[in-house]
Amino acid sequence: MTAGVREEPRETAHPRTPRRLPLPTLLALLVGFAGVGYRLALLFADVPPTNSDEATMGLAALHIARGDDFPIWFYGQAYMGTLEAYLAAPLVALAGPSVLVLRLPTLALYASFLLLSWRLTRRLGGDRWYALLVVAVLALGSDRVVKNQLIAGGGYPELNPAGAALALLTVGLCLTGAGARLPRWAAWGLICGVLLWVDPLILPYVLTLGALLVARRWRELAGRAGVVLTGALLLGAAPMLVDSIGHGRNPATAVLAAGGTGAPSDWADRLHGALVLGPSLATGFCSPGRCATWQLWWAVAFPVLLVLAALTAWHTLRRVGGGPGSAERVSAGVRLALLGGAAGVIAAYAVSNAAGQTPIESSRYLSCLAVALPALFWPLWQAARTLAAHRLTAQRQFAEVAASGEGGYRHPPDVESIKATGGRPAGRMARMAGVGALAVVAGVLGTGVAATVDVVRTAPDVHAEADRHRSLVDTLGALGVRNVRGGYWTCNRLTYATGENVVCAVVDDDLSPGFDRLPAYRREVAADPDAAWVAPVGSPLAARLDERVGAESGALDVVTVAGWRIYLPRR
């Protein structure tokens, strides 16, 4: 019975086909790596330029690494948590203080944002090609965008990945079974608590996504889920709460006071900053430090897309049947929440004085608009897909007509029906919408590429300035200078670059004491009779100090090095 039966090896009988990534997923992976690689190359080229605010976070990381101090807030203020300092502290302890080690954690945060945005786009119902589009837009990096993503100056690099993570968790909480949701509730609360401590700019997203969860899971929130979420939120916000209770101060007051100082801006300036300059700068459509007129087309397209995307999501919510946990309804609800959060971010910025006073620099407050891109581009993608479907259907119908003719078209009425279908007003509207959507997508990518190229063009100048600062550090070391006085944008940068081997106290242009974020530095410099002065060549401070250069007793000697002037007391 068994004669002639031979047992084949498993591998021979059932060969396994290697699993390949779908083409759009592979392309998204390559584009994502290109976006991260581009930013890594910028870091090695000292781009974007650093400043004393970033160095202040570096000094916090240095103190944490040494165990000297564990600050809760950005030095010199009672708001904006120091999460970036704690993330960088192990690297500072390992490799010493530098701008590069300070920014490696922010680069990792950007990479996580790309991954989370790709996943969020897929969970919201977008196909792989749409997810590729979202990743491609986020991979581009204009001047303002790379500053928001890479400079460890407090708050901004961590906002976008946290916002995308909250949206993803919201999708999961609306779709999964109750037994699997407690860890997600804990993660949602923990992220919210950390954000409240670090930077409340993303609060509009927290409120809109939270409102969606309350609307869909209020019974669950009334039980164990609510307890878990509240406990995790308090844990994440613990640094802020402990400090506020211990010092009797309200961090919300400090945050509100930071929205612009001095005389109030008029509404025309605020709306111009919030609706015209702000979205174009924050989402990556402008050149370094400015917006050319042709780059402001996004100021018109953005609100139109925001409204269209919101109407599309609302229509889906009203049209789709099934329970509240159906995938399509959840997708539409989360998209609507993201769009509401984006509108809230713009509204909060528009009421601040900063929108009217310093729109170019303060547009960083709108950096978290990028969280809503998977929802914002939705109508564009739907229109483009409709156009592609119309074309594909027409091609198939023509092919069927041609194949059935057997040497000639024997069914002319079919051809006429195809022409009639394509000529109906609905068909024309779909084609026009699709062509318009493709034009907007091309404009987004083209403008983003142009702004990214502008950053690359300015990189040599930024790198040269960083080299000049390194020459200043080396010269101070060679001169044996331990304590100096300088401007605000000189002091903490110099102190961090030297690992506190040189300590700097801030002075204003009239040589009066300035704003020291670490008062201990002023006390140390004041106790040193041989403290020097440092100022950039051509600055008002240098001009004032030049008046004290001379041969008489008590005058200053000057050493010029690579764009800087060092003023030494005459002994």
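Tutor: We shall discuss the cavities of this structure. The model is predicted, local features need pLDDT of at least 70, side-chain atom pairs count only at pLDDT 80 or more, and totals for chains, interfaces and linings use all residues. Residues are numbered from 1 along each chain as its sequence is written, and side-chain values use heavy atoms, with hydrogens and water left out.

Student: How many cavities of 30 Å³ or more does the structure hold?

Tutor: Rolling a probe the size of a water molecule over the atoms shows where empty space is left. A cavity is a set of points, on a 1 Å grid over the protein atoms alone, where a 1.4 Å probe fits but cannot get out; lining residues have an atom within 4 Å of a point. A volume is the space filled by probe spheres set on the points, which are joined across faces, edges and corners. Here there are two cavities of 30 Å³ or more.

Student: Which residues are the closest to the centre of the largest cavity?

Tutor: Of its 20 lining residues, these are Leu138, Val145, Ala282, Thr283 and Gly284.

Student: What is the volume of the second largest cavity, and which residues line it?

Tutor: The volume of the second largest cavity is about 50 Å³. Its lining consists of Tyr110, Phe113, Asn148, Gln149, Tyr156, Pro157, Asn160 and Pro161.

Student: Which helix gives the most to that lining?

Tutor: Helices (H or I, at least four residues) are DSSP runs, numbered from the N terminus. H8 gives the most to the lining of the second largest cavity, with four residues.

Notes:
On a 1 Å grid over the protein atoms alone, a cavity is a set of points where a 1.4 Å probe fits but cannot get out, and a pocket is an open set with protein on both sides within 12 Å along at least five of seven lines; lining residues have an atom within 4 Å of a point. Helices (H or I, at least four residues) and strands (E, at least two) are DSSP runs, numbered from the N terminus.
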